[in-house]
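Reader: I have a model open and want a quick tour. Can we start with confidence?
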Amino acid sequence: MRSERSQPQERRGRRVKRFAAAAAAAAMVLTGCSSANADGRQEIVVAIVSNPQMTDAISLQDRFKEEHPNVDVRFVSLPENEARAKITASVATGGGEFDVVMVSNYETPMWAENGWLTNLQDYADNTQGYDPDDFIPNIREALSYEDDLYSVPFYGESAFLAYRQDLFEDAGLTMPEQPTWADIAGFAEALHNPDEGFSGICLRGLAGWGEVMAPLTTMINTYGGSWFDEDWNATLDSPEVKAAVTDYVDLIRNSGQPGAATSGYGDCLTRYSQGNAAMWFDATAMVSTVEDPDSSLVVGKTAYAPAPVEETDSAGWLYSWSLAIPSTSEEKDAAWDFISWMTDKDFIELVGEEISWERVPPGSRLSTYEIPEYAEVAQAYAEPTLSAMAGASQETSMTGSVPYPGLQFVGIPEFQDLGTRVAQQVSAAIAGQKTVEEALEQSQRYAETVAESYQSGEH
Amino acid sequence: MATQTQPAPAERTPAARTSGQRINRKPKPRAGASLLTVFTWIIAIGFFSPVLWMVLTSFKQESAAASNPPSFFFTPTLDQYRAVLDAGAGTYFLNSVIATGVSTLLVVILAVPASYALSIRPVKRTQDVLFFFISTKMLPVVAVIMPIYVIAGQLKVLDNVWTLVVLYTSMNLPIAVWMMRSFFQEVPSEVLEAAQMDGAGLLKTLWRVLMPMVAPGLAATALICVIFAWNEFFFALNLTAAKSATVPVFLVSQMTSEGLYLAQLSAASVLASLPVVLAGWVAQKQLVRGLSMGAVK
């Protein structure tokens, strides 16, 4: 076809094409470069974890825009692991992509100490009607550094034991007001029915510091063990830790879910909400799925008991997804406008009215539990959640004192790595590839190395 | 297929019985062939089943998607697709189209002359140059992400789709040069000589003589670049934030650690695969020819 064209025609065609290509390229470069805000508008970028309550907040962003027409908000929402890696990389290197980041009570004190986060105490005190004293005390304390808030809670969680009340009644079992781990082992064995794919209990077994180590560490605490003693000696080979880990592993292996070594929070959530487990000890945040008729088959069949204990009064677990402003942000005031909107009392009312009262971010403010509508839908779990959080302090959940902050984690930067390594050992024990003794022996060596390097870094 | 092959043995068997051993050998390869067909179908369905499952799941409600044993019969719903579109998939798709389209265009523009020179007019160090190109693919991306991130941060080009364009271009260029080189080598030297004899210059030879001959190869190369760039996740996750995130990042953002997400993730995945499937379908004819052409060499 080409050869039939005359030469000048073709040359012209080529020139036109070349011009068009150059123009298109130039246009694209220009539009790419001219997106900076010129008319006094402020743009903030918010990095959050893509959990259901956060997604709800994104869907309500128009309400924020009505109140703050000059602030454009853009969201980056990623699953927990990706979000944590990305936010850590950005904040630690001063990448500066984000004006608001979602962090937890694990990061907040460490990052505040490093000077990576903006002190929010003045902002919180000077914002009318914001009332920072309404935050649940244990959460507020966990998000403070030198008595100043460096992040504010969006929601908070502790842990409790969910169990199928209907099945307990059918089997003639009664859950004590404060169960012990020995009680739980007995119930789990009685209700375990592997032939029908039904397990007596679901517990996390997946390797990861935020997976198996979270419930297991609270269990170690209540058995009187800890990761380190006051002088930073690793104590993972102590008899208390050994007893706790042995009981945990035995419980899963005897009456736990199949494939437990690779099942974490998400898997247990699916199993329990699909009616395939009789009990589940995990984060209180589970209720938003377990009690949601769209995704759960056991709505209304579940009762909640406090975390099982052994030596202590309670077996606390405290976690909070909270919002902070990296020190690199250039739009701190707009960032605070957004943060205060998303963590205010009004926001909780807004979620309740616009979405549903079941979806309210729980565990951040005491006032949430005084709202009649919320009290009604959360009848089964509001009180257990609040008392679990009230008991979530080292004083009530540990037998001795430890040199680190944290209940279901150890609040030092090295813990992400150490926790995951130890979790791999525990997972191997759950899978039956190792004995608990072997797993703890190896874990103890890891912990000794970390204690050494942490201390040499400190001094 | 099955309906075509089944009657054949029935017609053949009486003939085979009467006419002895020589004809008896004929049905054997046919039986083997139909067995092979069945086998091929099984493998094909086996490979396709995850995709099919993804499509099925995308029409379920979350609780049905999470049920165990899996549910095969359910009332289909478009809720998940609606949720995905409401989550603002458009921006992500636009970014992916820019990053993929522009980078592929740049790769083609750069790779064609480079591979022409490396195959048709080699010089002393051609082999070294070729090795240098491919050696850039030997270092795992994760090993260089931190320097790239810090450099991009210093240059203030984090969260910029043009950063991805540059990275995707350099990521795909070595592959494209190697692929295009093998296609150019297929061109008989007589054709080039004839073009020279007729007085065609370098550009004219390249554009009028060589390009039509290597067009299938070019299509295959471009398609592979499109697929790699469209599916690229690691750079996109680490270097983008709110403005320039691409489709793979969007897919991940559909996941959550607290709640059920399989159905919505499946719907997002179906939407994300459509453009590539479409591109592959359009280029299918060229692609098969192009791939085998390169392989023969």
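Reader: Where in chain A is confidence lowest, and where highest?
Author: This is a predicted model. In chain A, helix H1 (residues 7-33) has the lowest confidence, with a mean of 48. Helix H11 (residues 239-255) of chain A has the highest, at 96.

Reader: And what does chain A average?
Author: Its mean pLDDT is 88. At least 70 is reached by 91% of the residues.

Reader: Which residues of chain A stay under 50?
Author: Residues 1-8 do, and the model gives them two contacts beyond four places in sequence. Residues 23-36 of chain A are also below 50. That stretch has two contacts beyond near neighbours in sequence.

Reader: New topic, strand E9 of chain A. Why is it largely enclosed?
Author: Four of the five residues of E9(A), 302-306, are buried, so the rest of the structure largely encloses this strand.

Reader: How many bridges join E7(A) to it?
Author: Five, and the two strands run antiparallel. E7(A) covers residues 159-164. A:Tyr163 sits opposite A:Ala303 of E9(A).

Reader: Over to chain B. Where is the kink in H7(B)?
Author: At B:Ala111, about 25°, shortly before the proline B:Pro113.

Reader: What does H7(B) span from end to end?
Author: H7(B) has 32 residues, 89-120, and reaches 45 Å from first C-alpha to last. That is close to the expected 46 Å.

Reader: How many residues does each chain give to the contact?
Author: Chain B gives 28 and chain A gives 33. On the chain B side, elements giving two or more residues include helices H9 (141-154) and H10 (161-186).

Terms used. Residues are numbered from 1 along each chain as its sequence is written. Chains are lettered from A and ligands numbered from 1 in the order in which they are written. This is a predicted model: local features need pLDDT of at least 70, side-chain atom pairs count only at pLDDT 80 or more; totals for chains, interfaces and linings use all residues. A residue is buried if 20 or more other C-beta atoms lie within 10 Å of its own, exposed if 12 or fewer, and partly exposed in between; C-beta atoms are placed from the backbone. Two strands pair if DSSP finds at least two bridges between them. The expected span of a helix is 1.5 Å times one less than its number of residues. The bend at a residue is the angle between axes fitted to the seven residues ending there and the seven starting there. Two residues are in contact if their C-beta atoms, placed from the backbone, lie within 7 Å. pLDDT is the predictor's confidence in each residue, from 0 to 100.
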